[in-house]
Amino acid sequence: MPSSDAALIDGREIAQAVRDEVKAEIDDWTDTHRPPFLSAVLVGNNPASKAYVRGKEQDAAEVGIETNTLHFDVDLPEAELLDTVHDLNEDPSVDGILVQLPLPDHIDDRGVIDAIDPQKDVDGFHPTNLGRLMRGNPSFIPATPYGIVTMLDRCGIDPEGMDTVIVGRSNIVGKPLANLLMQRDRNATVTVCHSRTQDLAAHTRRADLLVAAVGQAEMIGADMVKDDAVVIDVGINRVEDESKERGYRLVGDVDFDAVRPKASWITPVPGGVGLMTRAMLLKNTMTAARLHASA
Ligand code: NAP
């Protein structure tokens, strides 16, 4: 058994460092160029989506990225959304485009993502960008996996040779992260688990590096974690808590208190991967501005 609690991978501190670096880069950039410009598209009134977009606008303003948000009614026809994306693609004042997901049911998310100019696709979800990631020469890395590898890098955790288990195979987390970690610059040996995996615990228990991206509160308990594992918790789940003014608290997919004594490193929720995701979007927007200026 490990002799003490896992060291905390402090998303607050690392995300702040990334934001400071992006701000310094933008300060230099604006000596000779206009500020990077990010356009967000929001359809409908989903409170979580509205809060995410507001957060992204605030983050951007803090580092010197200009933004505007196009906010449409929930019944916006798909064709009009595609026209909007097309206009943003053509607009020379726009460097990055972000369409907040999920979109209403009558709109095909994939068609909209496919319509974004890959050079402005700061979320990195366009097939061209996912293909480049898979090939090993990414332009834009989706922000959550990008945040996770940045955390590992900044903590000096080298995944080379690590038996790595990712629980969750979404297009925004599990799949791109598996690709990033298995590339020749990181050399992890990766297993991706999902809801059809048999005996999940048998996989997670052999993981030197365990990533939980499921969306089920505290489902990874201490008995599912190897001694001294590095544990990355992507999950953000609300659990009722009447002692909180808002009536709930946020927890991850990992039972933090139970797992921390067993692990060597662990990310908290909140204060972990979520803050990194926000910071990496800023970095991607600066990348978009550079790409755009050199096009
Ligand atoms: P998602 O698209 O719903 O994918 C969840 C994945 O978990 C799926 O692959 C699913 O398997 C798998 N799964 C579900 N139940 C399982 C079980 N009992 N055993 C094993 N695998 C199971 O979710 P997501 O968008 O990737 O998000 C996952 C979590 O991360 C959510 O809590 C979300 O809020 C959070 N998140 C956080 C950030 C951040 O910045 N921190 C960013 C994105 C997402 P199937 O494929 O078989 O259905």
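Mentor: Happy to! By class, the shell around the ligand is made up of ten nonpolar, eleven polar and one charged residues. Please keep in mind that this is a predicted model. In total, 22 residues surround the ligand, and the closest are Arg 169, Ser 170, Ser 195, Val 234 and Thr 277.

Let us take some of these residues one at a time. In the side chain of Arg 169, an N or O atom is 2.7 Å from an oxygen atom of the ligand. For the side chain of Ser 170, the distance from such an atom to a ligand oxygen is 2.6 Å. The side chain of Ser 195 has an N or O atom 2.5 Å from an oxygen of the ligand. On its own, the ligand has 930 Å² of accessible area, and the protein covers 70% of that.

Now for the link to the rest of the fold. Helix H10, residues 273-294, gives the largest share of the ligand shell, with three residues. Val 234, one of the closest residues to the ligand, also belongs to the largest nonpolar core: among its 51 residues, Val 234 touches the most other members along with Ile 9, Leu 181, Val 230 and Ile 232. Several elements supply at least two residues each to this core, including helix H1 (11-29), strand S2 (37-43), strand S8 (230-233) and H10. H10 gives the most to this core, with ten residues.

Finally, follow the chain into H10. The loop between strand S11 (265-266) and H10 holds Pro 270, and the peptide bond from Val 269 to Pro 270 is cis, with omega near -5 degrees. That is worth a second look, because most peptide bonds are trans. Another cis bond runs from Leu 101 to Pro 102, with omega near 0 degrees. Pro 102 sits in the loop between strand S4 (96-99) and helix H4 (109-115).

Terms used
Residues numbered from 1 in each chain as written. Predicted model: local features only at pLDDT ≥ 70, side-chain atom pairs only at ≥ 80, totals over all residues. Heavy atoms only, no water. Near = heavy atom within 4 Å. Polar contact = N/O pair within 3.5 Å; in protein donor to acceptor, adjacent residues only side chain to side chain. Areas by Shrake-Rupley, 256 points an atom, 1.4 Å probe, with all protein chains shown as cover. Helix = DSSP H or I, 4+ residues; strand = E, 2+ residues; numbered from the N terminus. Nonpolar A, V, L, I, M, F, W, Y, C, P; charged D, E, K, R; others polar. Core = buried A, V, L, I, M, F, W, Y, C linked by side-chain atoms within 4.5 Å. Buried < 20%, exposed > 50% of the residue type's maximum accessible area, 1.4 Å probe, protein only.
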